[in-house]
Amino acid sequence: MPVPVILAGRTVRLEPLAAYHAEALAQAGSEDRTTYAFTPVPHGLEAARDYVARALADQAAGRSLPFATVSTADGRVVGSTRFLELDYWQGPLIWPPAPGIPFGDPATAVPDAAEIGNTWLSPRAQGTGINTEAKLLMLRHAFEVWGVQRISMRADARNQRSRTAIERLGATCEGVRRAHSRGLDGVVRSTAFYSILDEEWPAVRDIIELRIAAATSPSAPDRAINQECLRHGGGTGQLIPA
């Protein structure tokens, strides 16, 4: 299973999520909850403790690798994100396939595909570039350290802010799965799916690095949202704007 790791950049540090992060996550999630209509964010200390406990249980089961998102400017925890849907394609072919089961020693196995999701930031961290750099750190680790062949992302089809953020990374929209699941508001949601493949990573990396370098320029170009995905509506998003 993937080993917990610290991913550090200029504006953000991603630390392996731990029980001691619960209080800081509770504070971050309570600043202003008006931006969390589509995103599951713990509200209060007990909810934060439960959030961390569930994330660590998933990690222990080999299903995810969660992080606390820390602003390097002041050392404050400003949110969380994680790798999930870890999949392994090594070893003998079997049918039916058994996703999520590594071949060989689980302690040293790394995934061939994964998803980035369950991402949220406090309002003070939104729009600061922290999200963009955090995604760069995670994508770089996935493609250049693990050697994955695919990274997936998804968003509630109604969550235009999250979908814009994903598109700005250079991910490809694969379409919308209609009536995919139940959203946080109880409405049956449709979900927009995105991906980045290993052969696309160098170009995507350039897009993100240029965007970070031009973050202070008001003329920095935005990448238009794929029109195929815009034709549909739906439920709960997982990513937020830079």
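## Contacts of Phe83

Contact here means heavy atoms within 4.5 Å. The structure is a predicted model. In this model, Phe83 touches Arg63, Ser64, Leu65 and Phe67, and also Ala114, Glu115 and Ile116.

## Nonpolar cores

Phe83 is one of the residues with the most contacts inside the largest nonpolar core, along with Leu139, Ile151 and Met153. That core has 39 residues. Helix 3, which covers residues 130–146, gives the most to this core, with 9 residues.

A second core is separate and has 15 residues. Among them are Leu25, Ala48, Ala55 and Val77.

In general, strands of a sheet pair through backbone hydrogen bonds, in parallel or antiparallel fashion. Strand 1 and strand 2 (residues 12–16) run antiparallel and are joined by 2 bridges. Leu7 stands opposite Leu14 in strand 2.

## Backbone details

The peptide bond from Trp95 to Pro96 is cis, and its omega is near 0 degrees. Pro96 is found in the loop between strand 4 (77–87) and strand 5 (113–121).

Two residues with positive phi are described here. Asn118, in strand 5, has phi near 50 degrees, a positive value in a residue other than glycine. Buried means under 20% relative accessible area and exposed means over 50%; Asn118 has 22% relative accessibility, so this residue counts as partly exposed. Ala179 is placed in strand 7 (residues 172–182), and its phi is positive, at about 45 degrees, although Ala179 is not a glycine. Ala179 counts as exposed because its relative accessibility is 54%.

Definitions and conventions
Residues numbered from 1 in each chain as written. Predicted model: local features only at pLDDT ≥ 70, side-chain atom pairs only at ≥ 80, totals over all residues. Heavy atoms only, no water. Core = buried A, V, L, I, M, F, W, Y, C linked by side-chain atoms within 4.5 Å. Buried < 20%, exposed > 50% of the residue type's maximum accessible area, 1.4 Å probe, protein only. Helix = DSSP H or I, 4+ residues; strand = E, 2+ residues; numbered from the N terminus. Pairing = 2+ DSSP bridges. Lists of a residue's contacts leave out its neighbours within four places in sequence.
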